[in-house]
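Colleague: Please take me through how to read a model like this one, one feature at a time, with the general idea before the case.

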Amino acid sequence: MCNPSTKCGHIYFLGEGAVDKALQLNGSDVGGWNVTVKAHPFPTYANDSAILKVEGYETSLTENEIKTHLTQLFSPYGKIEGVFSGNGSATVSVRGEDVAVKAPQLNGSDIGGRKLTVLLLNGGISTVHERRKYGHHCPHRHLGT
């Protein structure tokens, strides 16, 4: 957590070994500044909900047919909380273990001879710090010229 007398920033490192490498920088001198690095673990449930945008299905299908097909496609990944379609795309809300990582892997799936585009809109690990996400800023002066 930043305090008013220090300059700070929040950086998220994602990927195998990234956190361990970043932690090795703790105590390093960077242009006369001593770097303090602390891990901020993500909650264990961070990937357990997802809102996905789906495009590419046959748009002549009825809303009920679209909902049925997409429910069948996504239900192995968790509980379907909603399917909303319109204007050639659908939004699917799913809750289940690691669904934000697993469900986007359905990109390119086939429904009725058509390839789907599946994009994660919301959910999973956010790379925006909570303080910035909600419009708050670190209580410090910004580095730079």
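This is a predicted model: local features need pLDDT of at least 70, side-chain atom pairs count only at pLDDT 80 or more; totals for chains, interfaces and linings use all residues.

Colleague: Which residues of α2 are buried, and why do they count as being on the same side?

Modeller: An α-helix has 3.6 residues a turn, so residues three or four places apart point the same way. In α2 the buried residues are Ile66, Leu70, Leu73 and Phe74. They lie on the same side of α2 because they cover an arc of only 80 degrees around the axis, the arc being that of the directions from the helix axis to the C-beta atoms.

Colleague: What covers those buried residues of α2, and how far does α2 reach?

Modeller: Helices (H or I, at least four residues) and strands (E, at least two) are DSSP runs, numbered from the N terminus. The cover over the buried residues of α2 includes β3, β4, β5, β6 (110-111) and β8 (117-123). With twelve residues, α2 reaches 16 Å from its first C-alpha to its last, close to the 16 Å expected at 1.5 Å a residue; the expected span is 1.5 Å times one less than the number of residues.

Colleague: With which residues is Ile80 in contact, leaving aside neighbours within four places in sequence?

Modeller: Contact means heavy atoms within 4.5 Å. Ile80, found in strand β4, is in contact with Thr71, Phe74, Ser75, Ser93 and Val94. Ile80 counts as partly exposed, at 22% relative accessibility.

Colleague: How many salt bridges does the structure hold?

Modeller: Side chains of opposite charge can pair when their charged atoms come close. A salt bridge is a side-chain nitrogen of Lys or Arg within 4 Å of a carboxyl oxygen of Asp or Glu, and the structure holds three. In one of them, Glu81 and Arg95 meet at 3.1 Å, N to O. Because Glu81 lies in strand β4 (residues 79-86) and Arg95 in strand β5 (residues 89-95), this pair ties together parts that are 14 residues apart in sequence. Glu81 is partly exposed at 40%, and Arg95 is partly exposed at 45%.

Colleague: Where do Arg114 and Glu58 lie?

Modeller: Arg114 forms a salt bridge with Glu58, with the closest N and O atoms 2.9 Å apart. Arg114 lies in strand β7 (residues 114-115) and Glu58 in the loop between β3 (49-55) and α2 (63-74), so the pair ties together parts that are 56 residues apart in sequence. Arg114 is partly exposed at 34% relative accessibility, and Glu58 is partly exposed at 32%. Lys53 also forms a salt bridge, with Glu55, at 3.4 Å between the closest N and O atoms.

Notes:
Residues are numbered from 1 along each chain as its sequence is written. Side-chain values use heavy atoms; hydrogens and water are left out. Buried means under 20% relative accessible area, exposed over 50%, partly exposed in between (1.4 Å probe, protein chains only).
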